[in-house]
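Student: Could you walk me through this fold, beginning with the overall picture and then going on to the packing of its elements?

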Amino acid sequence: MTGLLTSRPLVILVYPQVEHEKDYLYHWMPFSLLTLAKPLLDDDLAEVVIFDGNQRPVSQWPGFLDEHLDRACCIGISIMTGGAQIRHALDMAAVARERSSCPPLVFGGPHVNVLAEQTARHPLVDVVLEGPGQTSMPAFVDAELHGRGWDSVPGLLSIDGNRTIRGPVNPPRTGNLGAYPWHLLTVADYIRDDPTVAPRTLNFVSSQGCVYKCQFCYELTYQRKYSAMEAGALIDDLEDLTARFDISGVKFYDADWFVNVRRAVEFCRIKAERGVGLSWAASINPNDVLRARKQKLDLLPAISESGCRRLLMGIESGSDRVLAEVVRKDITRAHALDVAADIAAHGIMGAYTFIVGFPDETLDEIEETYSLIEQISTLEPRPETRVHLFGPFPGTPLFEQALARGFSAPTTLEAWADFDYYDSQTPWTSAEMVARARSHTRLVKAPGAAAGAA
Ligand code: B12
């Protein structure tokens, strides 16, 4: 009997390397792939192996293929725009394609969700699956294993010369989060000493989607249906991770962890009730704090008591016009200051991000952003601040405006790999503007470094 008949089908999932800033501290667990793997395993459709390019050198890829390709029914590759991830993805796809037994190369992820057609036209891409992979991937694997047509697979697009296959729409509803198949990764390798959270911190994603309308953000065009793990189920996962891997902190990378402020308060209550002593950090929108006040929820006291050490918040601008007309942040400068002061008063370190170089933003408006940063920096504990340059991301409303103002966008999949978020992308952003943005970025970096370090 052949290996293929005796062993179960396999899905290879790949998270190609992201080239982030050299001194940026992270060990990112590829939640996109865990989210895809979960239904494949839960529904007993296939076995899964993961290649994380942020953890393994790409030189191990050919050997990984030798080991697994004979059983593989597809190779799923995740890509986001920029950070060279697309380039690493295409290099790995090219190596796989050289093998005679190469199964379909299936691309998904944030970049595919905004530029599906351009991605699907690339000769190294057999299929793209647009939208949440937890719906499309099991359907694709099922179609492959049972000889069903690709046109039955939600979110599928395949373009090969003149032949186009399209599946039905993949609804932007996610769900099915949490209780991930941790055994697919060496979780211990992702635990790190995070000076702003705890010595053994792990990252985590507990929700998908966002309800706000920031005009530069990709979430606006994708994942509009917010879905989140319930507080109790989330604590179950954290207890489990603590027992297995002895973590002491968790850093949430949800688009906005606090969309449901009642869930946040409930999380703190259950965490205290069950004696889960983890420190934690999360992302928050200023409107969440304002909404909690309106609902008379003691949000900040509750999270402070529950071990929340750091809140990451996009304030974006110090100019009321830019906030209202360009970003549509639904807050004013005064709100931003008020919320930041409230966060500091509860002993939580704020980490505030700003963007300069929006289309038609005036120099005076940029000055207002820097003066807000000065004001915020006097708070205690002193917040982290970070100034980004506006980078037009495909699929966002401000992308169209940027094109109209003379920004020229990459026109190929390869070129999107080098879209560098940390450098000027628009003709109206000068070298001085870039240098000044960098000089106003103040983070707590090295493990063990005191707040206040550069
Ligand atoms: C963690 C993270 C990072 C980490 C990445 C670490 C790493 N090693 O890769 C770091 C901090 C390095 C990073 C960097 C950047 N990031 Co980032 N990041 C995220 C974040 C917060 C979480 C990603 C995540 O795991 N989500 C949870 C999973 C479950 O969702 P998902 O990845 O979208 O996957 C779902 C679908 O996309 C799809 N899917 C994904 N992969 C695949 C694969 C297949 C085969 C299929 C079928 C489906 C599929 O199914 C999944 C389940 O529903 C997201 C925002 C967010 N909360 O999603 C931004 C996000 C991905 N980042 C983004 C951006 C823009 C960047 C930066 C360019 C700039 C920045 N924000 O700092 C840089 C890129 C680096 C560079 N030098 O240019 C954008 C991407 C937009 C785009 N068009 O690609 C996002 C969406 C933020 C945003 N709202 O704008 N990022």
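This is a predicted model: local features need pLDDT of at least 70, side-chain atom pairs count only at pLDDT 80 or more; totals for chains, interfaces and linings use all residues.

Student: Which strands make up the open sheet?

Tutor: The open sheet has 6 strands in the order β8-β11-β12-β13-β14-β15, with parallel pairing; two strands pair if DSSP finds at least two bridges between them. The edges are taken by β8 (201-204) and β15 (384-389), and each has a single partner strand, so one side of each is left without a neighbour in the sheet. On average, neighbouring strands of this sheet are turned by 15 degrees against each other, direction ignored.

Student: And how many bridges join β8 to β11?

Tutor: Strand β11 (residues 249-252) pairs with β8 in the parallel sense over 4 bridges, and F204 has F252 in β11 as its bridge partner.

Student: Switching to helices, which strands does α14 lie across?

Tutor: Helix α14 lies across β13 (308-316), β14 (349-356) and β15, and runs at about 170 degrees to β14. Axes here are lines fitted to C-alpha atoms, for helices over the stretch in contact, and angles run from 0 to 180 degrees between N-to-C directions.

Student: How do α13 and α14 sit against each other, parallel or antiparallel?

Tutor: The axes of α13 (residues 333-345) and α14 (residues 363-376) come within 11 Å and cross at roughly 20 degrees. The two helices are therefore roughly parallel to each other, on a scale where angles under 35 degrees count as roughly parallel, over 145 as roughly antiparallel, 65 to 115 as roughly perpendicular and the rest as oblique.

Student: What makes the contact there?

Tutor: It is made by R333, L337 and A340 of α13 and E368, S371, L372, Q375 and I376 of α14, with contact meaning heavy atoms within 4.5 Å. By class, the contact of α13 with α14 has 4 nonpolar, 2 polar and 2 charged residues; Ala, Val, Leu, Ile, Met, Phe, Trp, Tyr, Cys and Pro count as nonpolar, Asp, Glu, Lys and Arg as charged, and the others, Gly among them, as polar.

Student: What about α3 and α4, at what angle do they pack?

Tutor: Helix α3 (residues 61-68) packs against helix α4 (residues 85-97) at an angle of about 45 degrees, with their axes 10 Å apart, and the two are therefore oblique to each other. W61, P62 and L65 of α3 meet M92, V95 and A96 of α4, and this contact has 6 nonpolar, no polar and no charged residues.

Student: Last one: how far apart are the axes of α8 and α9?

Tutor: The axes of α8 (residues 231-245) and α9 (residues 261-273) are 9 Å apart, and the helices pack at an angle of about 45 degrees, which makes α8 oblique to α9. The contact is made by A231, G232, L234, I235 and L238 of α8 and R263, E266, F267, I270 and K271 of α9, and these residues divide into 6 nonpolar, 1 polar and 3 charged.

Key:
Residues are numbered from 1 along each chain as its sequence is written. Side-chain values use heavy atoms; hydrogens and water are left out.
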